[in-house]
Amino acid sequence: MKITPVLHKQNVFSARMPEKNNKITGFKSNKDEFISFKGKTYPSGWYSDQEIGYAKKYLGVEGWEEKYFWERFYQIHPRTSLIEDDKLEIIINIQFLMVPALIEAAVNAKWEANVRKITNPEIARIKGLMTDLNNEKIQRNKEQSERLNAEINKLEAINNQRIKKEELSSKIKETLNNEFLTPLKNGLDETPTVVMLETPDIEIRKDIWQWLKDTADARVVEFKLQVDKDDPLYRLRTELVYAQEKYRTTGKRTVLFVDKFTRVLNSDKTSGEIIGHMKAFLTSLSKNKEPLTIVFNTNDRKSIDPAFLSNRQRIQLRVNFDKLMLGQRKTWKAHLDEHIKSMSQNELEIHKCWLTQMAENALKEENYADVIKYKETNALICEMQEKERDAYLLRCDIENYLKKV
């Protein structure tokens, strides 16, 4: 929708040129000539392009009103033009002023007064427009700041996820190196024959799976165990024969990375006969110290029949990734939930009291893993608050409970 500007007589912002030679503006007569102003509407009203230009030119300039006045003065009255009618009028009214310099000064004084009548309302409008422009600038700066903060928060979240993943990955690798890879490399009889990797995090599970395959000092075989009308143990027994032969000729153990292995450990997905054969097969691997290790993963041990979990001979090494991090979380930015980070100091103190009570309840039930979890969250909050002594005391408590887990 096109907005038609308000017309002002004898004003540089008028939409129509004056119809006669005007002593104030100096515009020539042309009643059919128009100036086309697109202009723009702001919260305080509609402004012409000239007004917008002046407002932007003088925005933030100290004492701009006087500078604007003199710019407009010389637009209306160029220094080289003298209007004889004005001189004559002053000479008649002030007959004793016969000195040319005094006449010129009197004329300039009259012109200045007349121009101020024009510029005072213009200045008032430009001031209103400057307020709008300042508000626009403030809003732009605010939006830019919000975008910048959002980008910073995004990058911080990515970095925190990286830290969290690196901390977890480091702890998992340390555990697997100590309890599996080192005995495997040294050919020790204590090398576990079955290794279960447990976590719901698919990404970290895939990373560790690949790292183990790349790192294991052994003959590595990877396959998906099919569960169908054929006996799934056939492939495992065949691989055991190959592993025994390889060990006799090279001294290298064989590590089987078996996908979907939990299917043969779950009575809901396979027959009772196969479950019985699997229990016997896994027990024999351990008892006979066979040169074969099965590595498999699961997102939840509840999918595995208790008979396999209750006997350590069947699944010798069980690495629960989440439990590995109990008491090991050191970077509050990476591990505290966002809603905790956004709490006020008063809310944080209340939340810490609640966590302390939950830890005490867990202790009464001898649930030491939960005791550690609650105390660790409290320690992270204290570290966020820069209460280092409180955090240190909590972490000392955690070390004591870790020995009981």
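I take contact to mean heavy atoms within 4.5 Å. The model I consulted is a predicted one.

**Entry 1: S169**

I looked up S169 and found it in helix α4, which spans residues 100-186. Leaving aside residues up to four places away in sequence, S169 touches I204 and I208.

**Entry 2: nonpolar cores**

I next turned to the largest nonpolar core, which has 27 residues. L236, F261, L265, M278, L282 and I294 have the most contacts inside it. Among the elements that give two or more residues to this core, I noted strands β3 (194-198) and β4 (219-224) and helix α6 (233-250). Which element gives the most to this core? I found that it is α7, with six residues.

I also listed the contacts of L236, again not counting residues up to four places away in sequence: F223, L225, L256, F261, M278, F281 and I294. Another core, of 23 residues, lies apart from the largest one; F180, L181, L184 and L212 are among its members.

**Entry 3: α6 against α7**

I examined how α6 and α7 pack. Their axes come within 11 Å and cross at roughly 15°. An angle under 35 degrees counts as roughly parallel, and I therefore recorded the two helices as roughly parallel to each other. The crossing of α6 and α7 is left-handed. On the α6 side, L233, L236, R237 and L240 make the contact, and on the α7 side H277, M278, F281 and L285 do. I sorted the residues of this contact into six nonpolar, one polar and one charged.

Conventions: Residues numbered from 1 in each chain as written. Predicted model: local features only at pLDDT ≥ 70, side-chain atom pairs only at ≥ 80, totals over all residues. Heavy atoms only, no water. Helix = DSSP H or I, 4+ residues; strand = E, 2+ residues; numbered from the N terminus. Core = buried A, V, L, I, M, F, W, Y, C linked by side-chain atoms within 4.5 Å. Buried < 20%, exposed > 50% of the residue type's maximum accessible area, 1.4 Å probe, protein only. Axes fitted to C-alpha atoms, helices over the stretch in contact; angles between N-to-C directions. Parallel < 35°, antiparallel > 145°, perpendicular 65-115°, else oblique. Left-handed = near helix turned anticlockwise from the far one by under 90°. Nonpolar A, V, L, I, M, F, W, Y, C, P; charged D, E, K, R; others polar.
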